[in-house]
Structure formats: structure tokens, C-alpha cells
Amino acid sequence: MTSIELKVSGMTCGACVRHVNSALQSLPGVERVDVDLAAGLVRIDGTTDSATLIATLDEAGYPAQIATGSPAPTVRRSGCGCGCN
């Protein structure tokens, strides 16, 4: 699973947060969405690529881009972290 952080424009209220969350959750491979309205950031965990996430948000009316200063998408493993699973 990867984690991607996007800077999203146009979010101004709780309804915007719900729209962004709903648009992203509808995509195959998205497992978790965390929206920080105040910072304008959205973190997505799953297997969906960043281009698809950005295109989906753009279509929903919320222009997005990879968050500046954000680390590259990371692969997270479940379990103890030693790589055995």
C-alpha cells in the first residue's frame, strides 16, 4: 500500500471535505482518505496512482497536485515491518 499527500485547492467547508472524500473513496484501490481542511491537504492510502487521484479531484472541481515538500509515495506493509509478510 502507498501513501500519497496532495495539496487540494477550493476546499472551504465540511461539504467540500465530504465531496473530496466521496470522490476519492469511489476509486478502486483507495483504502483510506484523510482530509485536512485547514491545511488544504489530503492523504490517500491505497494502490491508486497519483495521476488518477489528481484527475478525479480535478473532475470534482478541486484542483490538486502532489504536496510540495511531501516525501515520495511510500510503501507500507502490514505486520511487524521486517518484511516477512
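A: Along the sequence, the protein chain runs in the pattern β-α-β-β-α-β-β. That comes to two helices and five strands, both taken as DSSP runs numbered from the N terminus (H or I, at least four residues, for helices; E, at least two, for strands). The model is predicted, so local features need pLDDT of at least 70 and side-chain atom pairs pLDDT 80 or more, while totals for chains, interfaces and linings use all residues. Residues are numbered from 1 along each chain as its sequence is written, and side-chain values use heavy atoms, leaving out hydrogens and water.

In soluble globular proteins, nonpolar side chains tend to be buried together.

Let us follow one member. Leaving aside residues up to four places away in sequence, Val-8 touches Gly-40, Val-42, Leu-57, Tyr-62, Pro-63 and Ala-64, where a contact means heavy atoms within 4.5 Å. In the whole protein chain, residues 24 or more positions apart account for 64% of the contacts with a separation of 6 or more.

Helix 2 (residues 50–59) also holds Thr-56. Thr-56 counts as buried because its relative accessible area is 15% (buried is under 20%, exposed over 50%, partly exposed in between, with a 1.4 Å probe and protein chains only). Thr-56 touches Ala-23 and Leu-27, again not counting residues up to four places away in sequence. Of the 85 residues in the protein chain, 31% are buried.

Charged pairs come next. Side chains of opposite charge can pair when their charged atoms come close. There are two salt bridges, each a side-chain nitrogen of Lys or Arg within 4 Å of a carboxyl oxygen of Asp or Glu. One joins Arg-43 and Asp-45, with the closest N and O atoms 3.4 Å apart. Arg-43 is partly exposed at 34% relative accessibility, whereas Asp-45 is buried at 3% relative accessible area. The other joins Asp-34 and Arg-32 (3.1 Å, N to O); Asp-34 is partly exposed at 31%, and Arg-32 is partly exposed at 47%.
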